[in-house]
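Here are my notes on the model you sent over.

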Amino acid sequence: MSAPATAGMPASLTLAGAGKMGGAMLAGWIEAGLDPRATAVVDPSPSPEIAALCAARGIRLNPEAPEPAAVLVLAIKPQGLEAAARALDRMIGDDTLVVSILAGKTVADLTARLPRARAVVRAMPNLPASIGRGATGAFAAPGVSAGQRAVADALLAATGTVAWLDAEAAVDAVTAVSGSGPAYVFLLAETLAEAGIAAGLAPEVARALARATVSGAGALLDASEAEPDALRRAVTSPGGTTAAALDVLMRGDGLAPLMREAVAAAQRRAAELAG
Ligand SMILES: NC(=O)C1=CN([C@@H]2O[C@H](COP(=O)(O)OP(=O)(O)OC[C@H]3O[C@@H](n4cnc5c(N)ncnc54)[C@H](OP(=O)(O)O)[C@@H]3O)[C@@H](O)[C@H]2O)C=CC1
Ligand SMILES: O=C(O)[C@@H]1CCC=N1
């Protein structure tokens, strides 16, 4: 794991796809020192926020023929790769590092569609990157130089924690655990609020308490050196209320097998998106 970095930003960067994830990372990169005048964004339907960011910082938005940059970040939907490939390939020069965050698309899939790509990093970030608290797993394919890998590390670390992976197959597992993971936590907040309403709380009180509980527990986990199970035990008084709830969540067909099933389903879906 590497700590967030602000140095080592690429000399120039093109972002293809400035939607929820690409847009979240772009703001972090500019904050971390990426030169906005050396940055281009390509997106057929940029959000008002992205258009405003580009206008405010002097980032080129949808230039007619973007010249190859040091880094091309692919943040379009995996299903859109085929249709976008010819235009994307024209954005790749001899020394361009391609960083793909497309779920499921393998290095072989990418190089088959982008014949100019010689150096490819597959990265799987997550949405908390939008507040600099992302978690990214990354795999550098053979062909990526040490310097290019350092640039990729600086870019990804600007949005949070980075774990470099030795095997490409691990990217799909990362996708299932931390790429999709924030949605599992948001679902927990949703269902905790619903349970609070069922227990008799006013809806706005239940939602406020569930939100504060999930974000507070996350912040405590972050601030503490203790493992999650130790923190769980710290909440659980012997014979008390938490123990009664955890008896339900942890018994037999409780949360653990359900979570394993969910992660396996996401991993399978990533594999299906390959090709
Ligand atoms: N959302 C997340 O939490 C995460 C997403 N990812 C990956 O990030 C990628 C993007 O996901 P997400 O941001 O959620 O999706 P979005 O749909 O929000 O963003 C994709 C953007 O790319 C645009 N786009 C479509 N075609 C092109 C093109 N040819 N050239 C440039 N831009 C294009 C889309 O425009 P339009 O809407 O008009 O099609 C849209 O604005 C996916 O591959 C996903 O697997 C990875 C980790 C986490
Ligand atoms: O749901 C998806 O396919 C993308 C990849 C990880 C998070 N969102």
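1. Let's start with ligand 1. The element that gives the largest share of its shell is α1, with three residues. Keep in mind throughout that this is a predicted model.

2. The shell around ligand 1 counts 25 residues, and those that come nearest are Gly 17, Gly 19, Met 21, Ala 84 and Ala 103. Sorted by class, this shell has 15 nonpolar residues, seven polar ones and three charged ones.

3. Now for ligand 2. Which residues are around ligand 2? They are Ala 103, Thr 175, Gly 179 and Ser 180. By class that gives one nonpolar and three polar residues, with no charged residue in the shell. Have a look at Ala 103 in particular: it is listed around ligand 2, and it is also one of the residues that come nearest to ligand 1.

4. Back to α1, this time for its helix neighbour. Helix α1 covers residues 20-31 and helix α2 residues 48-57; their axes come within 11 Å and cross at roughly 20°. Angles under 35 degrees count as roughly parallel, and α1 and α2 are therefore roughly parallel to each other. The crossing of α1 past α2 is left-handed.

5. Who makes that contact? On the α1 side you'll find Gly 23, Leu 26, Ala 27 and Ile 30, and on the α2 side Glu 49, Ile 50, Leu 53 and Arg 57. In terms of class, the α1 contact with α2 has five nonpolar residues, one polar and two charged. If you're wondering about the spacing along each helix, an α-helix has 3.6 residues a turn, so residues three or four places apart point the same way.

6. Is helix α10 well covered or hardly covered? Hardly: α10 spans residues 241-250, and the count of buried residues among its ten residues is zero. Just after α10 comes Gly 252, with a positive phi of about 35°.

7. Finally, the overall picture. The protein has eleven helices and eight strands, and its C-alpha atoms fill a box of roughly 65 × 40 × 35 Å along the principal axes. Of the 275 residues in the protein, 34% are buried. As for contacts between residues at least 6 apart in sequence, 69% of them join residues at least 24 apart.

How values were computed:
Residues numbered from 1 in each chain as written. Chains lettered and ligands numbered in written order. Predicted model: local features only at pLDDT ≥ 70, side-chain atom pairs only at ≥ 80, totals over all residues. Axes fitted to C-alpha atoms, helices over the stretch in contact; angles between N-to-C directions. Helix = DSSP H or I, 4+ residues; strand = E, 2+ residues; numbered from the N terminus. Parallel < 35°, antiparallel > 145°, perpendicular 65-115°, else oblique. Left-handed = near helix turned anticlockwise from the far one by under 90°. Contact = placed C-beta atoms within 7 Å. Nonpolar A, V, L, I, M, F, W, Y, C, P; charged D, E, K, R; others polar. Near = placed C-beta within 6 Å. Buried ≥ 20, exposed ≤ 12 C-beta atoms within 10 Å, placed from the backbone.
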